[in-house]
Amino acid sequence: MSILLTGAAGFIGFHVAKALLERGDRVVGIDNLNGYYDVRLKEARLALLRAYPGFAFAKLDVSDRDGVFALLEHHKELRSVIHLAAQAGVRYSLENPYAYIDANVMGTLVMLEAARRIDRLTAITYASSSSVYGANRKQPFSVEDPVELPVSLYAATKRSCELLARTYSHLYGLPATGLRFFTVYGPWGAARHGRLPVHPGDPCRTTNQGLQRGPNGARLHLYRRHCRRDHRGA
């Protein structure tokens, strides 16, 4: 199968692309390679993906509908969409709210319209976030919980994406599935929130104090004991 994957240079997108390629699928990846975190990490991920013969890449913003639709014209073989591209981060939405509307809301709308243009579409899968649970105090969270009280612009845009997908599914019969990610971490993760990127082969030793020893014995403060995770900021 040939799959259009957005956010291909991102952490989750990279791992999804790699898994798809290794099982024999073809992947057309797009990413705008923005500077929200070190672009060199994104380029390093892409370098690994480019080693697969079934991988094609276009530097493209998902909110650029003309560019996305032109890409579809060059790849008539596409049958599925995995939409992972987004402007991430709760704190940054306070500094640059327009980036979240452009990337998350407009970007999702463009990808839904793109999905409509794919012949024999099998599915569109998109990334939402646990942040949509907002002020919900019930634990554990459930997909049946009300999610109408977002507490960040990021959460509001992700909830908007869910509503857009639901509407397109109703209007056009798009087989859409949303995934509400919580905290996602692992090899090739980004250096955000005080954490350093972790690459396969890096020697790390965990202690019961929530510390790790990284390359060259560097002390990495990844987390502390007695701290609770605020899932609204995922």
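## Close-up views of a predicted model

**View 1. Arg-116 places its charged end over the ring of Tyr-172.** The distance to the ring centre is 3.9 Å. A charge counts as over a ring if NZ of Lys or CZ of Arg is within 6 Å of the ring centre and within 35 degrees of the ring normal. This is a predicted model: local features need pLDDT of at least 70, side-chain atom pairs count only at pLDDT 80 or more, and totals for chains, interfaces and linings use all residues. Residues are numbered from 1 along each chain as its sequence is written, and side-chain values use heavy atoms, with hydrogens and water left out.

**View 2. Lys-42 sits with its charged end over the ring of Tyr-37.** Here the distance to the ring centre is 4.7 Å.

**View 3. Helix H2 spans residues 39-49.** Its buried residues (under 20% relative accessible area, 1.4 Å probe, protein chains only) are Leu-41, Lys-42, Arg-45, Leu-46 and Leu-49. Seen down the axis of H2, they fall within an arc of 140 degrees, so they line one face of the helix. The arc is taken from the directions from the helix axis to the C-beta atoms. Their cover includes helix H1 (11-22) and strand S3 (55-59); contact means heavy atoms within 4.5 Å. Helices (H or I, at least four residues) and strands (E, at least two) are DSSP runs, numbered from the N terminus.

**View 4. Tyr-100 and Tyr-154 form an edge-to-face pair.** Their ring centres lie 6.2 Å apart, with planes at 80 degrees. Tyr-100 is in helix H5 (residues 97-116) and Tyr-154 in helix H6 (residues 153-172), 54 residues apart. Rings of Phe, Tyr and Trp (its six-membered ring) pair if their centres lie within 6.5 Å; planes under 30 degrees apart count as stacked, over 60 as edge-to-face and the rest as tilted.

How values were computed:
Buried < 20%, exposed > 50% of the residue type's maximum accessible area, 1.4 Å probe, protein only.
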